[in-house]
Amino acid sequence: MSTAPTPPSSHQQPGPGSPTGPFPPPPPHPPRRGWFARQSESVRITIVGAVIAGVFSLGSAVLTAALTDKGDEPADAKASAQPSPTVTTGTPAPTTTAPEPPSRVSSDAPSSPPQESGEPGGSGESSADESAPPADQAYEVFYDKQTMSLGLPPGSDLGTIDFDAPGTHRYTDDEWAALEEKADSGSPVEADLTYRQSFYGILTLQNGRNAAQLQPTDPSEKAEDCARAARVGGFTEAKMHEWDLPAKTVFCVVTDKGNIARVVITGFIGGDSGTTGEPPTQIGLRVTLWKPRA
């Protein structure tokens, strides 16, 4: 019985002098290094520091927004993120932008259109009525360009003129003192102007009246203009011995009855303008009186 030969093996037999056993597997390839790993150690430290600073900046911005966004600050008040540190090396460092904190009202929202005066809620609805001056009162003539004369009595007596009546009167010092005493108890003196004291000739506006002295060049003869000037006032008394009220001087007077008198000095009688203590003994006047129209 014959024996069949052994078939040749498909595995390569080690040659002479070779170590017994199969060839060892090839060594593994080294791992691929990323962009960060390829950088030098100093660059990697700088990048890590920048990232850490950015994270702290972001946290600070979010914390600031949480503490300040309580509705008390203006709508456009937003916490700004601190800039990331600049990397001075040639490799750009990643930057982190902090998100803007939420705002309850956007500053870019269009504002409400201005409301016209007189509309509901407009600024002119209430302030206009409060700040506007009152309309001029309408007047009617009671008498027009009435000629009058205010005299200076001798001694302690005094002359008076009442534009509402109209009329003049002379009082002794005692009589006038009694009238003033009644005025303190609620009975007003009727006279608007008094003229007294022979040395100085004091022309006095009585209490409860208002008067303005106008220049002779003031042209207006309208009641409304005279009333406006009288309410401004300014005149209380004048010493006539100084002769500083020339003819054509105009007075606008609000009387105690609320009437408006336009009084023009037409001239003087007696006295001596060149001598001290010699005031005029009579002052000529031309008066127009208006009463408020009902």
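At 41% relative accessibility, E190 counts as partly exposed, where buried means under 20% relative accessible area, exposed over 50%, and partly exposed in between (1.4 Å probe, protein chains only). The model is predicted: local features need pLDDT of at least 70, side-chain atom pairs count only at pLDDT 80 or more, and totals for chains, interfaces and linings use all residues. Residues are numbered from 1 along each chain as its sequence is written, and side-chain values use heavy atoms, with hydrogens and water left out.

E190 meets K257 through a side-chain salt bridge of 3.0 Å, N to O; a salt bridge is a side-chain nitrogen of Lys or Arg within 4 Å of a carboxyl oxygen of Asp or Glu. K257 lies in the loop between β8 and β9 and E190 in the loop between α4 (173–184) and β4, so this pair ties together parts that are 67 residues apart in sequence. Helices (H or I, at least four residues) and strands (E, at least two) are DSSP runs, numbered from the N terminus. K257 counts as partly exposed, at 46% relative accessibility.

A salt bridge also joins the side chains of D192 and R209, at 2.8 Å, N to O. D192 is in the loop between α4 and β4 and R209 in the loop between β5 and β6, so the contact ties together parts that are 17 residues apart in sequence. Both D192 and R209 are buried. These residues belong to a network of salt bridges that links E190, D192, R209, D256 and K257.

By the same rule the count comes to eight salt bridges. One of them is between D157 and R170, at 3.1 Å, N to O. The pair links distant parts of the chain, 13 residues apart, with D157 in the loop between β1 and β2 (158–162) and R170 in strand β3 (residues 167–171). D157 is buried, with a relative accessible area of 15%, whereas R170 is partly exposed, with 48%.

The strands come next. Strands of a sheet pair through backbone hydrogen bonds, either parallel or antiparallel. Here two strands pair if DSSP finds at least two bridges between them. An open sheet of five strands runs in the order β3-β2-β4-β5-β7, with antiparallel pairing. β3 and β7 stand at the edges with a single partner strand each, so one side of each is left without a neighbour in the sheet. Neighbouring strands of this sheet are turned by 15° against each other on average, direction ignored; axes are lines fitted to C-alpha atoms, for helices over the stretch in contact, and angles run from 0 to 180 degrees between N-to-C directions. Within this sheet, β2 and β4 pair in the antiparallel sense over four bridges, and the bridge partner of I161 in β4 is L193. Helix α4 lies across β2, β3 and β4, at about 115° to β3, where contact means heavy atoms within 4.5 Å.

Another open sheet has five strands in the order β1-β10-β9-β8-β6, and its pairing is antiparallel. β1 (139–151) and β6 (210–214) are at its edges, each with a single partner strand, so one side of each is left without a neighbour in the sheet. β6 pairs with strand β8 (residues 250–254) over five bridges in the antiparallel sense; in β8, F251 is the bridge partner of Q213. Helix α5 (residues 223–232) lies across β1, β6, β8, β9 (260–269) and β10 (282–292), at about 110° to β6.

A nonpolar core is a set of buried Ala, Val, Leu, Ile, Met, Phe, Trp, Tyr and Cys residues joined through side-chain atoms within 4.5 Å. The largest has 24 residues, and those with the most contacts inside it are F163, L203, V253, V263, L285 and V287. Two or more residues each come from β1, β4 (193–196), β5 (202–205), β8, β9 and β10. The largest share, four residues, comes from β10. A second, separate core of 14 residues includes Y139, L214, C226 and A230.

Not counting residues up to four places away in sequence, L203 touches residues including L150, L193 and F235. F235 sits in the loop between α5 and β7 (237–239) and counts as buried, at 7% relative accessibility. Leaving aside neighbours within four places in sequence, F235 is in contact with L203, L205, A211, A212, Q213 and F251.
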